[in-house]
Amino acid sequence: VIIEEYINGHSLKEILDEIEGYNSKINTIQSSIINTQKEIDKITKEINQYQLILHSEKSRLSSLKNLTERYEGYGNSIRKIMDLKEKEKGILGVVADIIKVDKKYEVAIEIALGASIQNIVTDNEETAKKLINYLKKNKYGRATFLPLTSIQYKGNKGSSQLLKEKGVIGFADSLVKFDDKYSNLVGYLLGRNLLVDHIDNAILLSRKYKQSIRIVTLDGELLNPGGSMSGGAYKNSSNLLGRRREIIELEKTVKELSDKNQQLLEEKEKKKKSKDDLRSQLESIKTKV
């Protein structure tokens, strides 16, 4: 009866036009559904790619943190002492823990530090004495301690002229980052090492100052006061300084990847909701045709 009343109140043309309008809307919505699904598929592919990379970077970060926390690459005596760090608050860390270095300077700074990179920094002499007795008692070997209260550094005399010389980048202590409380210690360890761009300039500089300066190049050549030189292929499998930098870089990368992944997941949910809304519209129109 309702259909008959509707037909009786409208011309055939009006009815056909309305049906055509509904069909047009159906086609438009169906097309939108197809396009939205394509967008969802594209986002899903991106999410899968990001999640693969994220998983890989998280694994690398976890592995690197594990190596760092276990002090892999350090001597046995150092590892034994660092096992006590949680209990003994006077242990501040090894030298590699307290300085940060840009990647381009890592080789030079490691060469400049030499064996002292594994020295243990303590708050004072009493802590160092206690730890030496611990190593001795348990026959764990030897270690070198750097008590902050006893380390002295008075700076470089005549350094301003050296900094003007060809190829000079700076004194090594000025090219690393550290907490202010370690300034004396870092000066003591690195302040007498002059960083130079390459070996040719290093040799000229050493001659000019009559072999009185300790010079390190970016590639890791070392020119000592007195005239001795060392260099060659530098194999740094332990990468003690680089670990901290890599951890910071990886943490940043993982956060960026996680944020992007979350953004894509939210975008995908919005597209799915949009698709569901379009389907609802489609079903509603189909009932009218």
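## Overall organisation

Of the contacts in the protein chain with a separation of 6 or more, 67% are made by residues 24 or more positions apart; a contact here means heavy atoms within 4.5 Å. The structure is a predicted model, in which local features need pLDDT of at least 70 and side-chain atom pairs count only at pLDDT 80 or more, while totals for chains, interfaces and linings use all residues. Residues are numbered from 1 along each chain as its sequence is written, and side-chain values use heavy atoms, with hydrogens and water left out.

The protein chain contains 10 helices and 10 strands. These elements are DSSP runs, numbered from the N terminus: helices are H or I runs of at least four residues, and strands are E runs of at least two. Of the 289 residues in the protein chain, 36% are buried. Buried means under 20% relative accessible area, exposed means over 50%, and partly exposed lies in between, with a 1.4 Å probe and protein chains only. The protein chain exposes about 17800 Å², and carbon and sulfur atoms supply 50% of that area; the areas come from the Shrake-Rupley method with a 1.4 Å probe, and for residues only the protein chains shown count as cover.

## The five-stranded sheet

An open sheet is formed by 5 strands in the order β5-β7-β8-β9-β10, with mixed pairing. Its edge strands are β5 (168-171) and β10 (229-230), each of which pairs on one side only. Two strands are said to pair if DSSP finds at least two bridges between them.

Strands β5 and β7 run antiparallel and are joined by 3 bridges; phenylalanine 171 has leucine 194 in β7 as its bridge partner. Leucine 194 in turn has isoleucine 215 in β8 as a bridge partner. Strands β7 (residues 193-196) and β8 (residues 214-217) pair in the parallel sense over 4 bridges. Between β7 and β8 the chain passes through helix α9 (residues 199-208), and this β-α-β crossover is right-handed. The term right-handed applies if, with the strands pointing away from the viewer, the path from the first strand over the helix to the second runs clockwise.

Strand β8 also runs antiparallel to β9 (residues 222-223), to which 2 bridges join it. Within this pairing, valine 216 stands opposite leucine 222. The hairpin of β8 and β9 has 4 residues between the strands, and glycine 220 there takes a positive phi near 100 degrees.

A nonpolar core is a set of buried Ala, Val, Leu, Ile, Met, Phe, Trp, Tyr and Cys residues joined through side-chain atoms within 4.5 Å. The largest such core has 41 residues, and those with the most contacts inside it are Ile99, Ile109, Leu113 and Leu190. Helix α5 (residues 106-113) gives the most to this core, with 5 residues. Leucine 113 touches Val95, Ile99, Leu189, Leu190 and Leu241, not counting residues up to four places away in sequence.

Helix α5 is mostly covered, since 7 of its 8 residues are buried. The buried residues of α5 include Glu106 and Glu110, together with Ile109 and Leu113. Glycine 114 follows α5 and has a positive phi, near 60 degrees.

## Aromatic pairs

A pair of aromatic rings is described by the distance of the centres and the angle of the planes. Rings of Phe, Tyr and Trp (its six-membered ring) pair if their centres lie within 6.5 Å; planes under 30 degrees apart count as stacked, over 60 as edge-to-face and the rest as tilted.

The whole structure holds 2 aromatic pairs. The rings of tyrosine 71 and tyrosine 74 have centres 5.4 Å apart and planes at 70 degrees, so this pair is edge-to-face. Tyrosine 71 is buried, with a relative accessible area of 8%, and tyrosine 74 is buried, with 7%. Tyrosine 134 and tyrosine 140 form a tilted pair, 5.6 Å centre to centre with 55 degrees between the planes. Tyrosine 134 counts as partly exposed at 25% relative accessibility, and tyrosine 140 counts as partly exposed at 25%.
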